[in-house]
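I set out to read a single structure from its atoms and to note what I looked up. The entries are kept in the order in which I made them.

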Amino acid sequence: MWLPTDPRYRDFLTEYLDVCDRYYADSMTAADWCAWYDRRLAVVVGHTQRNSPFYRRHLAGVDPATTTTATLAGLPFTTKADLRREMFDVLSGDITEGTFFYETTGTTGRATPCPRDGKEVIASNYHVTESWRSIFRHHFGDRRPAIGLMGPTEVHSFGDTLGDVARNVGSCNAKIWPYSPVIGFEKALQLMKDLRLEVIVCTPGVCLNLAKAARHYGYDLAKDFDVKLFFLTGEMCTPALAANIDSVWGVDTYNILYGSQEAFVIGTTCKNKNMHLSAPNYVAELIDPDSGDVLGSTGTGELCVTTLIDGLKPLIRYRTGDLVRLGQDTCDCELKGPRLDVVGRVLDRIELGRGRHLAAELEEAVLHGVRDCLGFQIVIDADADGDRVTVRLDLIDGGGNPDEVRAGVVGRFADRFGVPATVEIVGELDQIVSTGAFVSWKAARIQDRRTAPDHETEVAMAMAARRGYTT
């Protein structure tokens, strides 16, 4: 594994790598964790107060020495609005101190700087590396598969982070972003075949668009490619969607990691397909997304994280905007952190029928038991009798028994949401469906005709109009 040689990192790395060794050996006691968290919280709070103009103001009057997990809830939140307003003033150092410069995509708001220094690179990549090593041992033994990395932009951490992880595990990797004007889908598919790539890392939307493009260019998914695993990230991926992708490609699909440009890699996935919090890197809180009340460290709520790495962009009580379930680790695997399931963004909650529902609930209602689906869209209308939905499915050769598919979707929407549903099996969906990773799951998947399009939907519509997504 690459380690920075800067002497400023030596003491941190000595302590951090020792904690990680004990973490994966499952020898960290409750007292060890308490000491690690409280020591790192004091370090990070003091570091940000000294070096970040934003946090100097934001945390004025806070004593780092008394900041512990017990007092953390008394500190103010950091929000995406803060990051967009403050920009470089959030950083705890000069931009030139970083190892890499990245920024958010800026599709729905101002792109914010997300540089990383050597500490942050090591802390983020360490846990992805352990995840991949475990999964590769499970599937390939001592052999290391060739990996295709897909996306999403030149100033996104995806390629550097996962390229470094591929090097750590000893695998060749090829960066073949199919939306690049140099690569494109036809070239990406050719490289997948010629390089005999066995693992493809991309978003769920790209994965399904690759299948559509392969059919367009005359490929046989089973005969022409050596792909055995899809590692998906960048969008919500429910178990139903992963199972559907398995059916389309004839592979094994992992929802491989969860994180953000701003807060790095928060969760990684084990060989059992369960995601685990990268516990040495974060203090995680669950909060009520509407009131901001702290709900504790287990259950369901908006994830709020405090990074424990005193690098170039540590964040204190950062509201991710993502709804998750956190629980105790009951998984028999090599990763040790609490179980972490992402169930959608706060902004993607949908008022439908009998209440407000999570994005994951709608996706599961559409795709549970459905095979060979290349995409879906939910259209919501309302009349005097209440809400009603139309579910559009793009199925390969009908996707089995169309009548059974229709009956299953109709029944699940009636049982779970109390709304009538109509199912349309179509040959092509609106291009907006393919914009999920660029904008949002909701903008791509939900056409809500009860209200005017919101800002994210307008952005997704404009993006879909500008580009073709499969050819």
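**Entry 1. Basis.** I worked on a predicted model, in which local features need pLDDT of at least 70 and side-chain atom pairs count only at pLDDT 80 or more, whereas totals for chains, interfaces and linings use all residues. Residues are numbered from 1 along each chain as its sequence is written, and side-chain values use heavy atoms, with hydrogens and water left out.

**Entry 2. The parallel sheet.** I took helices (H or I, at least four residues) and strands (E, at least two) as DSSP runs, numbered from the N terminus. Two strands were paired if DSSP found at least two bridges between them. I found an open sheet of 5 strands in the order E2-E1-E3-E4-E5, with parallel pairing. Its edge strands are E2 (173-175) and E5 (252-255), each of which pairs on one side only. Neighbouring strands of this sheet are turned by 20° against each other on average, direction ignored. Axes here are lines fitted to C-alpha atoms, for helices over the stretch in contact, and angles run from 0 to 180 degrees between N-to-C directions.

I then looked at one pair within it. Strand E1 (residues 147-149) runs parallel to strand E3 (residues 199-202), and 3 bridges join them. Glycine 148 has isoleucine 200 in E3 as its bridge partner. Helix H6 (residues 158-169) lies across E1, E2 and E3 and runs at about 165° to E1; contact means heavy atoms within 4.5 Å.

**Entry 3. A hairpin.** I noted that strands E6 (residues 257-260) and E7 (residues 264-269) run antiparallel and are joined by 4 bridges. The hairpin between E6 and E7 passes through 3 residues. Leucine 257 stands opposite threonine 268 in E7.

**Entry 4. The mixed sheet.** I found an open sheet of 4 strands in the order E18-E17-E16-E19, with mixed pairing. E18 (421-426) and E19 (446-448) are its edge strands, each pairing on one side only. The twist averages 20° from one strand to the next. Strand E17 (residues 386-395) pairs with E18 in the parallel sense over 6 bridges, and aspartate 394 has valine 426 in E18 as its bridge partner. Helix H8 lies across strand E16 (373-383) and E17, at about 115° to E16.

**Entry 5. H7 against H8.** I looked up how helix H7 (residues 184-194) packs on helix H8 (residues 204-216): the angle is about 90° and the axes are 10 Å apart. H7 is therefore roughly perpendicular to H8 (angles under 35 degrees count as roughly parallel, over 145 as roughly antiparallel, 65 to 115 as roughly perpendicular and the rest as oblique). Phe185, Leu189 and Met192 of H7 make the contact with Asn209, Leu210, Ala213 and Ala214 of H8. By class, this contact has 6 nonpolar, 1 polar and no charged residues. Ala, Val, Leu, Ile, Met, Phe, Trp, Tyr, Cys and Pro count as nonpolar, Asp, Glu, Lys and Arg as charged, and the others, Gly among them, as polar.

**Entry 6. H11 and its partner.** The axes of helix H11 (residues 359-367) and helix H12 (residues 402-417) come within 8 Å and cross at roughly 150°. Glu361, Leu362, Glu364, Ala365 and Val366 in H11 meet Val409, Arg412, Phe413, Arg416 and Phe417 in H12. I counted by class 6 nonpolar, no polar and 4 charged residues in this contact. Since 8 of the 9 residues of H11 are buried, H11 is largely enclosed by the rest of the structure (buried means under 20% relative accessible area, exposed over 50%, partly exposed in between, with a 1.4 Å probe and protein chains only). Among the buried residues are Glu363 and Glu364. Just after H11, glycine 369 takes a positive phi of about 80°.

**Entry 7. Cysteines.** How many disulfides does a search of the whole structure find? The search returned 0, a disulfide being a pair of cysteine sulfur atoms within 2.5 Å. The sulfur of cysteine 114 is 17 Å from the closest cysteine sulfur, in cysteine 304, which is too far for a bond. Cysteine 114 counts as buried at 1% relative accessibility, and cysteine 304 is buried at 0%.

**Entry 8. Threonine 108.** I placed threonine 108 in the loop between helix H4 (80-86) and helix H5 (118-140). Threonine 108 counts as partly exposed, at 23% relative accessibility. Not counting residues up to four places away in sequence, threonine 108 touches Arg84, Val439, His455 and Glu456.
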